[in-house]
Amino acid sequence: MVFRRFAPVVLLSVSLSVCAEVIPVDKITPDNISKFGGSMYEYLPPESRLSAVPKGFKPFYLSHYGRHGSRYLLDAPQYERPYTILKDAYDRGVLTEFGKTVLDRVEIMMKDASGRLGDLTTKGMEQHKGITHRMMDNYPALFGKDGYVVAKATTSHRVIVSMLSGLSEIYRLRPDLRVSYDASGHDVYFMNQEDAAVTSYKNSREKSAAVNQFNAEHTHPERLMTVLFTDTAFIRHYAMKSGSRQTSVRVMDASSTLYTGLYDLAANMQSHDLGFNLDDVFTPQEWYDSFTMNNVYWYSVSAYSPLTGEMVPYGRCALLTDFMDRADEAIDGNGVTVNLRYGHDTELFPFLCLMDINDCAWSVSDLNKVADKWVDYDIVHMGSNIQWVFYRDKSGKVLVRFLLNEEESTIPVQCYVDSKGISYPYFYEWEKVKAFYKEKVDYFENFKAEKNK
C-alpha cells in the first residue's frame with residue numbers, strides 16, 4: 001500500500017484563508033510584540049463579527065476543544081537559572097545597571113511563581129470566562145431552558161481550573177442550566193494522547209538534527225551579554241551546577257542558556273499582571289529570532305512536516321472521531337447542546353493540522369520558510385480553542401461552521417450554496433465534512449493495519 005498525505009475529496013468553490021505570514025522585523029512595535037511570545041501569546045477577544053447564517057437555519061449544537069488559559073511557567077529552573085546567573089554576576093560586581101533592573105524583575109517573577117509552577121493565572125481564568133460568555137451571547141438557545149452542557153477536562157490542575165472558570169460563567173448567568181462535568185484519565189485517549197503509531201515519526205533523528213541546526217543559526221546572545229555584563233568573560237566561563245549539589249560544577253559558555261531562559265520569561269510575562277514586563281531585554285530582531293525557534297518547534301511536532309513523514313497530525317484521529325461521533329449523537333437528538341473539552345496545546349496544534357483548518361496542513365521542507373505561512377500565534381496560544389457550530393433547517397439539512405479562536409475559518413471542502421445559488425464561505429454541509437474527515441480516519445486506520453503486518 002502506498003501511503004500519502006491526505007488530499008481533499010471535493011473541489012473548492014472558494015479560496016482558502018491561510019495561516020497569516022509572520023509580522024516582519026521592521027513592523028514589530030510595542031503594540032504587537034506580545035505576539036512574538038508565540039505559543040505563550042495571551043488570548044484576546046475576537047475583532048471581527050460573525051457573518052450572517054443562511055436563511056432558515058438555526059443553531060442546535062456546539063462542539064469545542066480549548067487549551068488552558070495563561071499560566072505560570074512549568075519548571076522551577078525556568079525561573080531559577082536566569083536568576084542565579086544574574087545574581088552571581090551581581091555578587092561579583094560584573095552586572096551593568098541595566099542588568100540590575102533585569103535581575104530585580106526576574107527575582108519578582110520567581111518569587112511570584114513559588115508554589116505555582118504550571119498553575120493558571122488570573123488572566124487565564126478571565127480568558128475562559130470571556131470565551132464562555134461570548135458563546136452564550138452568540139448562541140443563547142444552546143444555553144437556554146432546554147440546553148444541556150457536557151464538559152470534560154484532562155486531569156491537569158490548570159486545565160481543570162480553566163474548565164471551572166468557563167463553567168462559573170454559565171452558573172452565574174444561567175444557574176438553572178443542566179451541566180455535567182468531569183476530569184478523568186478515562187478520556188485521555190482522545191483528550192490528550194498521541195497515537196503511538198506516529199510517535200517514531202515525530203521523534204525522527206532527521207527532524208531533531210534539522211531543528212537543532214535551525215536553533216543554532218537563530219540564537220545570537222552576543223549583544224545581550226554586552227548590555228547585561230561589564231565583563232562578558234563572566235558568562236563565557238560560567239561555572240554552572242548540574243544535577244545534585246554533590247556533583248561537580250562544569251565551566252561553560254552560558255550565554256545561550258541565559259538568552260533562551262530570559263526569552264521564556266519575557267514571553268510569559270503577558271500571562272501576568274505584575275506591573276512590568278521584559279520587552280526591553282531584546283531587540284526586535286532578537287524577538288523575531290526567538291519566536292521563529294518557538295514556531296519551528298511547534299511546526300516540527302504538530303504539522304504535516306516532511307521531516308516527520310507528514311504523519312504527526314494523524315496521531316489525533318481519536319479526538320477527530322470524538323467530535324464526529326458526538327455530533328451525530330446530537331443530530332440524532334440525545335439532548336446535548338454543548339460539548340466542552342479542555343486540554344493542551346500538544347493536542348490542539350496537531351488536531352487543527354489534521355482538520356486542515358485555515359490551510360494548517362500546509363507543508364514545507366525548509367525550516368527557514370515555515371513562518372512564511374505557518375505562524376503559531378495565529379493558530380494556538382494561551383486559551384486558544386476550536387468551535388464547531390451546527391445549524392439545521394426545517395428539512396433536516398445540517399450545516400457546520402468552524403471558529404478558530406472565535407474567528408470564522410475555512411476547511412478544504414465545498415462551502416454551502418443555497419437554492420438561489422448564494423455561496424456561504426464559512427458554512428459547510430455536515431455530510432460532506434464528515435466524509436472528508438472520515439476518509440482521513442480510515443486512511444490512518446489502514447496505515448496502522450499495514451504497518452502492523
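How many of the 6 residues of strand E2 (residues 148-153) are buried? Strand E2 is mostly covered, with 5 of its 6 residues buried, where buried denotes under 20% relative accessible area, exposed over 50% and partly exposed the range in between (1.4 Å probe, protein chains only). The structure is a predicted model, in which local features need pLDDT of at least 70 and side-chain atom pairs count only at pLDDT 80 or more, while totals for chains, interfaces and linings use all residues. Residues are numbered from 1 along each chain as its sequence is written, and side-chain values use heavy atoms, with hydrogens and water left out. Helices (H or I, at least four residues) and strands (E, at least two) are DSSP runs, numbered from the N terminus.

Strand E2 pairs with strand E3 (residues 178-183) in the parallel sense over 6 bridges; two strands are taken to pair if DSSP finds at least two bridges between them. Within this pairing, Ala-151 has Tyr-181 of E3 as its bridge partner.

Strand E8 (residues 398-404) is also mostly covered, 7 of its 7 residues being buried. Side chains in a regular strand alternate between the two faces of the sheet. In E8, Val-398, Val-400, Phe-402 and Leu-404 point one way, Leu-399, Arg-401 and Leu-403 point the other way, and all are buried. Strand E7 (residues 385-392) runs antiparallel to E8 and is joined to it by 7 bridges, with Phe-402 of E8 as the bridge partner of Trp-388. The hairpin of E7 and E8 has 5 residues between the strands, and Gly-396 there takes a positive phi near 100 degrees. Strand E9 (residues 407-409) pairs with E8 in the antiparallel sense over 3 bridges, and Glu-407 of E9 stands opposite Leu-404. In the hairpin of E8 and E9, with 2 residues between the strands, Asn-405 has a positive phi near 55 degrees. A further antiparallel pairing, over 2 bridges, links E8 to strand E12 (residues 428-429); here the bridge partner of Leu-399 is Glu-429.

Among the helices, H7 (residues 205-218) contains 14 residues and reaches 20 Å from its first C-alpha to its last, close to the 20 Å expected at 1.5 Å a residue, the expected span being 1.5 Å times one less than the number of residues. Its buried residues are Lys-207, Val-211, Phe-214 and His-218. These cover an arc of only 60 degrees around the axis, which puts them on the same side of H7; the arc is that of the directions from the helix axis to the C-beta atoms. Arg-205, Glu-206, Asn-212 and Ala-216 are exposed on the other side of H7. The cover over the buried residues of H7 includes helix H6 (199-202) and helix H11 (284-302).

Helix H10 (residues 255-268) is largely enclosed by the rest of the structure, since 10 of its 14 residues are buried. Elements covering these buried residues include helix H1 (76-91), helix H2 (97-113), helix H8 (222-228), helix H9 (233-236) and H11. The axes of H10 and H11 come within 11 Å and cross at roughly 90 degrees, axes being lines fitted to C-alpha atoms, for helices over the stretch in contact, with angles running from 0 to 180 degrees between N-to-C directions. H10 and H11 are therefore roughly perpendicular to each other, a class that spans 65 to 115 degrees, whereas angles under 35 degrees count as roughly parallel, over 145 as roughly antiparallel and the rest as oblique. Tyr-259, Tyr-263, Ala-266 and Ala-267 of H10 meet Glu-286, Trp-287, Ser-290, Phe-291 and Asn-294 of H11, contact being defined as heavy atoms within 4.5 Å.
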